[in-house]
Amino acid sequence: MTSPSQTGLKWAANLSMFYREMPFLDRFAAAADAGFDAVEFWWPRGERPEAVERAILASSLSVSVLNIDSGDLESGDRGFLNRPEMRREIVAAGRTAVDLAHAVGCPYVNSPVGKDTGLPHESQIDTVVGALAELAAIAQPQCVTITVEPLNRTDHPTYLICSSLEGREVVARAGRGVGLLYDAYHLGMMGEDIVSGAKGLDFVHVQIADAPGRHEPGTGNLPFTDFFAALEAGGYDGYIGLEYAPSTTTAASLDWWHRRRGAVVATS
């Protein structure tokens, strides 16, 4: 096991993973009560965007990133950017997500690209690049950046983009207004060196969970001490999203976070 380092980085609670025993709109107040000043979340299907906006504003929380509606995640959907026949639905979902992000001051909208359809890979990537560029054109006037997140093939064996290399290539092709979301869990599960990956700072947002298991730091084998140190040494000033499934309760899973916060205060 590894343990988190003691640094002064910033943290956001992922409310799609945390406090799942509560109604979604109640989770904002729970995160604020726990000491978070920022949150993030997948698209909250079943909730009205204006109700989500009110809950965010009432809690006085910042939002670090939110997801575009990417389908029924519980049933295995992971976005549709690679499906040209769904471009109209993608654009509509993008507008809704960007409008909410702009309303609450969230700088990033994450856009899962989709599962392999069986068509030639490069053809699907071309479609993804076009969809990302169209979403970026919607988002940029609202001061929002669209992000691309590689996922791991163990949990998502048919997901289209599973490496940081291809993620970076797609971001570069899509152009201005598109950035890489670096998820240490997914890339660690792919066998990538997350410490070296953290040093480049060629990403706009970071998320973490330990691997294997996708639980809180300290429950798996990822080198978080060095990972956090690399982020801090490189001057990363964005939030780190805690996108993990608590191994017990959410409150108990945050013991590591409270300990490091205390250590930072004590040494500052």
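Within what distance do the axes of helix H1 and helix H2 come, and at roughly what angle do they cross?

1. A word on the basis: this is a predicted model, where local features need pLDDT of at least 70, side-chain atom pairs count only at pLDDT 80 or more, and totals for chains, interfaces and linings use all residues. Residues are numbered from 1 along each chain as its sequence is written, and side-chain values use heavy atoms, with hydrogens and water left out.

2. To the opening question: the axes of H1 (residues 27-34) and H2 (residues 49-59) come within 9 Å and cross at roughly 20 degrees. Axes here are lines fitted to C-alpha atoms, for helices over the stretch in contact, with angles from 0 to 180 degrees between N-to-C directions. Helices are DSSP runs of H or I with at least four residues, numbered from the N terminus.

3. H1 and H2 are therefore roughly parallel to each other (angles under 35 degrees count as such; over 145 is roughly antiparallel, 65 to 115 roughly perpendicular, and the rest oblique). Phe28, Ala29 and Ala32 of H1 meet Val52, Ala55, Ile56 and Ser59 of H2, contact meaning heavy atoms within 4.5 Å.

4. Now for the other pair: the axes of H4 (residues 121-139) and H5 (residues 164-174) come within 9 Å and cross at roughly 50 degrees. That makes H4 oblique to H5. On the H4 side, the contact includes His121, Glu122, Ile125 and Asp126; Glu166, Val170, Arg173 and Ala174 contribute from H5.

Methods: Helices (H or I, at least four residues) and strands (E, at least two) are DSSP runs, numbered from the N terminus.
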